[in-house]
Amino acid sequence: MDDALLILPMLVPLLFACLAIAVLRWRHVQAALTILNAAILIGLGIALMVVVWDERVIVTQVADWPAPFGITLVADLFSAIMVLLAAIVGFSAAIYSAATIDDRRALYGYYPLFNILLMGVMGAFLTGDLFNLYVWFEVLLISSFVLLGLGGTRAQMEGAIKYVVLNLLSSIIFLTGVGLVYGMAGTLNMADLAVRLRDVEDEGLVLVVSMLFLVAFGVKAAVFPVFSWLPASYHTPPVAVSALFAGLLTKVGVYALIRVFSLLFAEDQAHVQDVLIWVAGFTMVTGVLGAAAQNEFRRILSFHIVSQIGYMVMGLAFFTPLGYAAAIYFVAHNMFAKTGLFIVSGLSHRLLGSFELKKLGGLAKHSPEVTLLFFLCAFSLAGLPPLAGFFGKFALARAGFEAEHYIIVGVSLAVGLFTMYSMTKIWAEAFWKPYPAELPGDFQVRRRQPGMLVMTIPAVIFAALGVAMGVAAGPVFELLERAGEQLADPSGYIAAVLGGEPE
Amino acid sequence: METVLAFVIGGLYAAGVFLMLRRALARVVLGIAILTNATNLLIFTAAGLTRGEPAFIDEGETLLSEPYGDPLPQALVLTAIVIGFGVLAFAMVLIYRAYRSVGSEDSDHMTTTEFEDGER
């Protein structure tokens, strides 16, 4: 049972990718298969949650090679939560794709790649082996490269170059770290490493490796100062791709950061803490200032992804259970709000034909449904109670006060104000001000197209989840604090993987 | 031998980084290729070099006899070579497509999406 639950999240997307290739000429069948795939993944995510609910860590040794010799798949609460969240984002992005991806892109393999991307993400969340993590990273990166470039417009090519080169560099740095770790400890199983790295005499070398991982995952998570690929590329592909990437890719980097620094380098936390806090602060500030200077819907949102990553790193940097819980809450909240906002940008583009704020306007008057969706997602992001973002920031601030890092808490609250500023800017430009020209004649027709309805569904899902996470913040945090406890004290994880009793 | 390889690897990393800092994208891709291979060498070297001792179990024995070459880094390098090759092939096609649509392979000419309303 455990074995199946750990392996199926990778096998199911692979199967559906193959099926989608078999029906490559029928776009709607491909889309239906992809939606079905994501729905199954949601089911698997829920099943995983149920199994690990009482803090049991489930493990499977692939091909029955005992750890640490074979590849281990592990799910604790954190992994299970991330699998479920990623499946929800994948499901919604698949629905959005069904309504917006054209025949050409479908014919050139959009849906198979979509499924492979999900497979890579699931693998990264569930693996317990460092080299295997690298492989899953490559799986999801290569499919994301093609998804980003598919279509081949000039803007996409320019964006893809920056995205591909910087992400390849980060993969190389990651691999360098893996090589050095193996040289030091003679193992790549993460639980085994957690034990063995404590005994490595050359502390300097361990620190070097932890910094290599920080840079490698930092590039993938888009933290300061290595975030520049993100705002240069996320606004170039179709909205469905932007939304999928915004929800998943940077969060995999954040997941890897949290996993590696809570488990592998638990001894080094004192050295790393200052670096992480500075990184978190600068990421928040540069992201939000970058957003303030933009006038294009999706570019503003892209810079905000960077800024929000800073909050997640901040939660990690405290190394307390509450800090981890707040970071995970923030990841979840951000996946919902940010993906929802990208979809709203797609809705307004479908209605008015532009992403430029100066060419948008009047949506509040002419399309109250899109306005409501934007309002819920945007002001959740800005941290308005009772929406989810408020509780995320509240928990982070509390974790910060408990850990006595007052300055970073101050910075994070100030950045919240700036976030509010740029959300208000989009609000004022795209929604509040009157439309600058004659409204397109077929506006009302477009508003009522069946495609438009399908496009709205995912945004509704995300807005509703954002509200639900805010209303149910108490129970959600109870769960997340248990996940945080698990991360802060990895002995249960290590014992589950290597066998034997917790220390 | 380790010392020599350490210098070789260092030299390759330096060359790769230097090439990646160039504006011409063909050189950037060459830089990626060199860096990937430098990393493969590094995995191989960091895990320890053993000469002429394949990891075979002698006839009649049930365990490996020391010394033997560790087979795991070889498997890792093999995987990394395959992935690196695939990614490199993709990167080359990508710069060719970018060159076709931008009309230049200078990364300074690839900034339209960052300043104005690019084509979508």
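This is a predicted model: local features need pLDDT of at least 70, side-chain atom pairs count only at pLDDT 80 or more; totals for chains, interfaces and linings use all residues.
1. Which residues of helix 16 of chain A are buried? The buried set is V370(A), L373(A), F374(A), L376(A), C377(A), A378(A), F379(A), S380(A) and L381(A). Helix 16 itself covers residues 368–381, and its 14 residues reach 20 Å from first C-alpha to last, close to the 20 Å expected at 1.5 Å a residue.

2. Now for what packs over that helix. The cover on the buried residues of helix 16 of chain A includes helix 13 (297–317), helix 14 (321–352) and helix 15 (363–366), along with helix 17 (388–402), helix 18 (406–432) and helix 20 (450–471) of chain A. C377(A) gives a residue-level view: leaving aside neighbours within four places in sequence, C377(A) is in contact with A337(A), G340(A), L341(A), V344(A), F462(A), A463(A) and G466(A).

3. C377(A) turns up again in the core. The largest nonpolar core has 237 residues, and C377(A) is listed with V313(A), I328(A) and Y329(A) as having the most contacts inside it. Helix 14 of chain A gives the most to this core, with 20 residues.

4. P386(A) sits in the loop between helix 16 and helix 17 of chain A.

5. There is another cis bond to check, between F224(A) and P225(A), where omega is about -5°. P225(A) belongs to the loop between helix 9 (203–221) and helix 10 (229–233) of chain A. A222(A) is also found in the loop between helix 9 and helix 10, and A222(A) has a positive phi of about 65° although it is not a glycine. Is A222(A) buried or exposed? A222(A) counts as buried because there are 27 C-beta neighbours inside 10 Å.

6. F319(A) is one more backbone point for your list. Its phi is near 55°, a positive value in a residue other than glycine. F319(A) lies in the loop between helix 13 and helix 14 of chain A. With 20 other C-beta atoms within 10 Å, F319(A) is buried, since the cut-off is 20 or more.

7. At the other end of the chain, helix 1 (residues 2–22) of chain A bends by about 45° at L8(A), and a proline, P9(A), follows within four residues. What about the end-to-end span of helix 1? At 1.5 Å a residue its 21 residues should span 30 Å, and the end C-alpha atoms are 31 Å apart, so the two agree. Buried residues of helix 1 of chain A are L5(A), L6(A), P9(A), M10(A), V12(A), P13(A), F16(A), A17(A) and A20(A). Their cover includes helix 2 (27–52), strand 1 (58–61), strand 2 (72–75), helix 3 (77–100) and helix 5 (110–126) of chain A.

8. R56(A) is in the loop between helix 2 and strand 1 of chain A. It counts as partly exposed because it has 14 C-beta neighbours inside 10 Å. R56(A) and G152(A) are 96 residues apart in sequence and 47 Å apart in space, C-alpha to C-alpha.

9. Stepping back to chain A overall, its secondary structure comes to 22 helices and 2 strands. Its radius of gyration is 22 Å, close to the 23 Å the globule rule gives for 503 residues, so chain A is as compact as a globular protein of that length. The C-alpha trace spans about 70 × 55 × 40 Å along its principal axes, and 63% of the 503 residues count as buried.

10. Chain B has 4 helices and 0 strands, in the pattern α-α-α-α along the sequence. Its radius of gyration is 21 Å, well over the 14 Å the globule rule gives for 120 residues, so chain B is more spread out than a compact globule. Its C-alpha trace spans about 70 × 30 × 20 Å along the principal axes. Buried residues make up 27% of the 120 residues in chain B.

11. Finally, the contact between the chains takes 30 residues from chain A and 34 residues from chain B. Helix 6 (130–149) and helix 7 (154–185) of chain A each supply at least two residues of the side that touches chain B, and helix 7 gives the most, with 18 residues. By class, that side of chain A has 17 nonpolar, 8 polar and 5 charged residues.

Terms used: Residues are numbered from 1 along each chain as its sequence is written. Chains are lettered from A and ligands numbered from 1 in the order in which they are written. The expected span of a helix is 1.5 Å times one less than its number of residues. A residue is buried if 20 or more other C-beta atoms lie within 10 Å of its own, exposed if 12 or fewer, and partly exposed in between; C-beta atoms are placed from the backbone. Two residues are in contact if their C-beta atoms, placed from the backbone, lie within 7 Å. Ala, Val, Leu, Ile, Met, Phe, Trp, Tyr, Cys and Pro count as nonpolar, Asp, Glu, Lys and Arg as charged, and the others, Gly among them, as polar. The bend at a residue is the angle between axes fitted to the seven residues ending there and the seven starting there. The radius of gyration is taken over C-alpha atoms; the globule rule is 2.2 Å times the number of residues to the power 0.38. A nonpolar core is a set of buried Ala, Val, Leu, Ile, Met, Phe, Trp, Tyr and Cys residues joined through C-beta atoms within 7 Å.
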